[in-house]
Amino acid sequence: MDRVDRTSFSSIKESNSGIAQSFTTTKTSSYLNQQFEGSQDEEAIEDGLVTPPEGLSGLKHAHPKVLHGLVCPCDGFKGWKGIDLGPKMRTKSKSFGDLKALGHRFSWDSHADVQMKDVPKVESKKVQGQYPSGEAPIEKLPMELLGSIIDQLATDIPPNGFTARNIDLMSLLLTSRNMHSATLATLYNHITIPHSRIFRKFLSHVAAHPALGTIVRRLDFSHFNPTGAGITARERAETKNLIPETMLQCLSLTPNLREFLAQEHIDDDLDAKVITTLLCELPKLKALDLCACSSSSFRDSFSTVIDAEPSPLPAELPLTRLSLHECPILPARVFTTLLPRLAHLTHLDVAHTRITDEALMSIPGTAQLTHLNLSKCTNLSGEAVLRFLSTHPAAKTLVYLNLAMDSKSAEMLSSEEITELLPILPPTMKSLNLKGSRMDNTHIPLLLPLTKHLEELGLGRNLDLPNLCRLFVPDEDLDDEEQLDWVPHTLRYIDVSDLSVAQLDLGTLFGSRCPVLKGITAPLEVLEVNTEVFKKLEKSPVVKRVGWCLKEAGRRYWLVKVKGADDEEDTGARSWKWGACYWGMRKVPMARQEVGGMYGHYMFKR
């Protein structure tokens, strides 16, 4: 095998059904375009008509009129440098950011004033609510405000699997010249590449109009399907649409790139030159996500860059967010080389990698970690993790911490280490996962203070239902004053998948005396359970009778509360989730965006 545990393409996204943990899953990219090779209407940003491949679905879709994908500048566009700023502003920078601040639009035609010079002005009849092109109030807004309004129309992923994305933006392009120029910035700000033909189209556009490449802030390959659009991976390689050379060309044309989001289905296209460019030649790059890249060619390319003499890596990398989630093939020296150079790190996801104690402690003290995922890191010792969390300056601002392990194969934290860890966790924390650790009833009093600010909690082994109840209601043996002083918990999700059927005692859990599934434990709405418990409950009517339901995605199973008409409306969206709404994500997002594609798969399905 050329790679470690290659995963077939699976796109999972959150469904807005009103019930938490509701996902839609497909093996087909949501961006799969109906038009194939040679289509004149397919564009890099407008995804065209999206229909399921023949035989995939019994649904038949009509072929509505396709909106022409006008995503290139008008013929008169001379580029950012050709914009006339006026005599008083000629010394100012003509970068895109400065132009937005100055409120200027594109300069369309250098001879427009000459052409219109001798044309007599015609007084048009004014109609209330109607304005000539360029005179509508919205078109006169400052560029930064107009851009923010137009940004609201952009979608990260299609609203469903079979509709065009950003069709509203495509319509705006045809509205007027002013709206066309303002909309281009939104269209090219975040580029999503679902398959190689779209990449070819995008590359052609920015090569023909380099100014467009300066707008690009995000390149997102998380939806990339190697077998999408009716071609196989081998056929894709033969077309040479997406290969290391074209990837390198793309990066050279997007100098202001802030976020590069990749995944395992393009790891063979990340050669040593591409990796060098990402690490050394994009000074504005803040987020790098290489989720599940695990081919031997990717390992060799990364090792080539790390081992090069002299090293091409600068003393300090600009990255603040780094994900090597599920990259077990990378050698330990990758981490000992990269991490000391991340002086401003805020997000680090190295789940299931070969990171070592030395590499973890080498993170600079100037870093301010908010999200840290060390799950399934078998080369880390509990002692080193505890020392890092208790003494390292970068660990004082954590909001999300995942230390989950597979208890069947490895254990990171012993019972004694859990006892030392819980009291030193910062009050900023909202999500804590200790799944797989060795717990007992002595840890419950130590967990109680954390439940007053945590929203997600993953419990370890050896607990039972009475221990669980103590997290939500005061002990009966407390005196009246202590019970009155009881502070309610803030938990919305709790992972009890390490607890067996016997430990959960399902008969008592669904009984009238157990508080866990009752309204008294609000705002609790999700319990994650294991396969054994799920199968026991799958056909039982008792789940529905107590106002809960069962949800599943891949290898994960949840008991979810069904909200009533009087329940608080809460989508679950939180700023610390960076775009996700549902609970228990196991991959740290490196960019603020909706859950979808392969990233959704690793967040909620594994």
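The largest pocket in this predicted model has a volume of about 880 Å³. A pocket here is an open set of points on a 1 Å grid over the protein atoms alone, with protein on both sides within 12 Å along at least five of seven lines, and its lining residues have an atom within 4 Å of a point. Grid points are joined across faces, edges and corners, and a volume is the space filled by probe spheres set on the points. Of the 32 residues that line the largest pocket, D406, K435, R555, R586 and R606 lie nearest its centre. Two or more lining residues come from each of the elements β14 (526-529) and β16 (556-561), where strands (E, at least two residues) and helices (H or I, at least four) are DSSP runs numbered from the N terminus. By class, the lining divides into nine nonpolar, ten polar and 13 charged residues. Ala, Val, Leu, Ile, Met, Phe, Trp, Tyr, Cys and Pro count as nonpolar, Asp, Glu, Lys and Arg as charged, and the others, Gly among them, as polar.

Residues are numbered from 1 along each chain as its sequence is written. The protein chain averages a pLDDT (the predictor's confidence in each residue, from 0 to 100) of 82, and 77% of the residues score at least 70. Over residues 30-116, pLDDT stays under 50, and the model has 165 contacts beyond four places in sequence for them; a contact means heavy atoms within 4.5 Å. Residues 1-5 also stay under 50, with 14 such contacts.

The largest cavity holds about 110 Å³ of space. Its lining has 16 residues, with A591, Q593, E594, Y599 and M603 nearest the centre, and comprises eight nonpolar, five polar and three charged residues. The second largest cavity holds about 80 Å³. Among its 13 lining residues, S431, N433, E456, Y493 and G584 are the closest to its centre. At least two residues of this lining are supplied by each of β10 (400-402), β11 (431-433), β12 (456-458) and β13 (493-495).

The largest nonpolar core has 132 residues, and F260, L270 and V516 have the most contacts inside it. Such a core is a set of buried Ala, Val, Leu, Ile, Met, Phe, Trp, Tyr and Cys residues joined through side-chain atoms within 4.5 Å. Helix α5 (residues 177-189) gives the largest share of this core, six residues. A second, separate core of 27 residues includes L261, W558, A580 and M603. Beyond four places in sequence, F260 touches residues including L219, F221, M247 and L270.

Several individual residues are also worth a look. H180 lies in helix α5 and is buried, with a relative accessible area of 1%. H443, in the loop between β11 and α16 (444-447), counts as buried because its relative accessibility is 0%. Leaving aside neighbours within four places in sequence, H443 is in contact with S415, I418, T419, L422 and R438. The loop between β7 (321-323) and α12 (332-338) holds C327, which is buried at 0% relative accessible area. C327 touches L290, A292, C293, A351, H352 and T353, not counting residues up to four places away in sequence.

Most residues other than glycine have a negative phi, and most peptide bonds are trans. E326, however, has a positive phi of about 55°, and N462 has one near 75°. E326 counts as buried at 9% relative accessibility, whereas N462 is partly exposed at 45%. Cis peptide bonds join E309 to P310, with omega about -5°, and A522 to P523, with omega near 15°.

Key
Side-chain values use heavy atoms; hydrogens and water are left out. Buried means under 20% relative accessible area, exposed over 50%, partly exposed in between (1.4 Å probe, protein chains only). On a 1 Å grid over the protein atoms alone, a cavity is a set of points where a 1.4 Å probe fits but cannot get out, and a pocket is an open set with protein on both sides within 12 Å along at least five of seven lines; lining residues have an atom within 4 Å of a point.
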